Amino acid sequence: MELTFLGTGAGATLGSSRFRSSILVASGAVGVLLDMGAGANLRLEDMGLTKSFQALFVTHTHLDHFNGLPDHLVLRKITAMPKLFVASPPGLGPVLSAMKAAGNDIEVELLEADLPRSSLGDVEVWSVPGCHSIYSVAYVVDDGKKRLLYSGDTREPCEPILRELKGVDLVVHESSCLEDCSRWGHTSVQEALNFFSGKRLVLTHIPSQIVKEAEQLVGGKAIIARDGLMIRM
Ligand SMILES: [Zn+2]
Ligand SMILES: [Zn+2]
């Protein structure tokens, strides 16, 4: 299983050095996207990866996690690509319908569920509830060889996520601040280090302005993701 980080920034990120949340997970011929924030569609185009995935799993309906999707759907239509399978907690459908009603020729095969799950070839994807300011899920991706846990946006400790840790080879977790942002439903760099100390850990969803201090705090204990980073599991 191979991960490509397409967007690793968070709400207050400035400019284009860090686009919004998105990770491409590839296993053999199967490709899934976890979230597709603003700019992820551009990163895919720049990296020649627009045809590398068949499904998108959205963690929640905050804009920084799906705002790259509408532009990508237009590209799919223009270039006659197959319809994209999109799984999301409830709420995404009405947004896409409104965009379509406003004159945009976009189509998806949409699954809205409280706990979205699906399988593509040998790759199983399932979800557990997160602990965020709106309803959100975390995703587990398992290709029969390796298992990835992606937190989406959540504060920690979040029991459903922590319960899922057994058997996970790599945790990709949000880190929206340095010390404490739990009142906004987010996790700090320090908390992520504390709660996932025994695991191989990659931090993402990082505002650009805290990156230097985050690197100091992390030392060698985790990887701080940047756009374009590739990790083989
Ligand atoms: Zn959010
Ligand atoms: Zn977010």
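## Terms and overall form

Two strands are said to pair if DSSP finds at least two bridges between them. The structure described here, in which several such pairs occur, is a predicted model.

The chain contains six helices and 14 strands. Its C-alpha trace spans about 45 × 40 × 30 Å along the principal axes. A compact globule of 233 residues would have a radius of gyration near 17 Å, and the chain has 16 Å, so the two values agree. Buried residues account for 46% of the 233 residues. Of the contacts between residues at least 6 apart in sequence, 58% join residues at least 24 apart.

## The annotated domain

The UniProt record, an unreviewed entry, places the feature "domain: Metallo-beta-lactamase" at residues 19-205. Within this span, 21% is helix and 28% is strand.

Strand β2 covers residues 22-27 and pairs with β3 in the antiparallel sense over five bridges. One of the facing pairs consists of I23 and its bridge partner in β3, L34. Together β2 and β3 form a hairpin, with two residues between the strands. In the turn, G28 has a positive phi of about 60°.

Strand β3 comprises residues 30-34, and four of its five residues are buried. This strand also pairs with β4, which covers residues 55-57; the two run parallel and are joined by three bridges. Here V32 stands opposite A55 in β4. Helix α1, residues 40-46, belongs with these two strands: β3, α1 and β4 make a right-handed β-α-β unit. Both kinds of pairing seen in this region follow a general rule. Strands of a sheet pair through backbone hydrogen bonds, either parallel or antiparallel.

## The nonpolar core

In soluble globular proteins, nonpolar side chains tend to be buried together. In this model, the largest nonpolar core has 57 residues. The members that touch the most other members are I23, V25, V32, L56 and F57.

Leaving aside residues up to four places away in sequence, F57 touches V32, L34, A87, P116, V125 and Y139.

## The seven-stranded sheet

An open sheet of seven strands has the order β7-β8-β9-β10-β11-β12-β13, and its pairing is mixed. Strands β7 (118-120) and β13 (223-224) stand at the edges with a single partner strand each, so one side of each is left without a neighbour in the sheet.

The partner of β7 is β8, which covers residues 123-129. These strands run antiparallel and are joined by three bridges. Across this pairing, L120 stands opposite V123 in β8.

## Leucine 217 in helix α6

L217 is found in helix α6, which covers residues 211-218. A residue counts as buried if 20 or more other C-beta atoms lie within 10 Å of its own. L217 has 20 such atoms within 10 Å and is therefore buried.

With residues up to four places away in sequence not counted, L217 touches L178, V189 and Q190. By contrast, L217 and M36 are 181 residues apart along the chain, and their C-alpha atoms are separated by 28 Å.

Conventions: Residues are numbered from 1 along each chain as its sequence is written. Chains are lettered from A and ligands numbered from 1 in the order in which they are written. This is a predicted model: local features need pLDDT of at least 70, side-chain atom pairs count only at pLDDT 80 or more; totals for chains, interfaces and linings use all residues. A nonpolar core is a set of buried Ala, Val, Leu, Ile, Met, Phe, Trp, Tyr and Cys residues joined through C-beta atoms within 7 Å. A residue is buried if 20 or more other C-beta atoms lie within 10 Å of its own, exposed if 12 or fewer, and partly exposed in between; C-beta atoms are placed from the backbone. Two residues are in contact if their C-beta atoms, placed from the backbone, lie within 7 Å. A crossover is right-handed if, with the strands pointing away from the viewer, the path from the first strand over the helix to the second runs clockwise. UniProt positions are given in the numbering used here, feature names are shortened, and annotations may be inferred rather than shown by experiment. The radius of gyration is taken over C-alpha atoms; the globule rule is 2.2 Å times the number of residues to the power 0.38.
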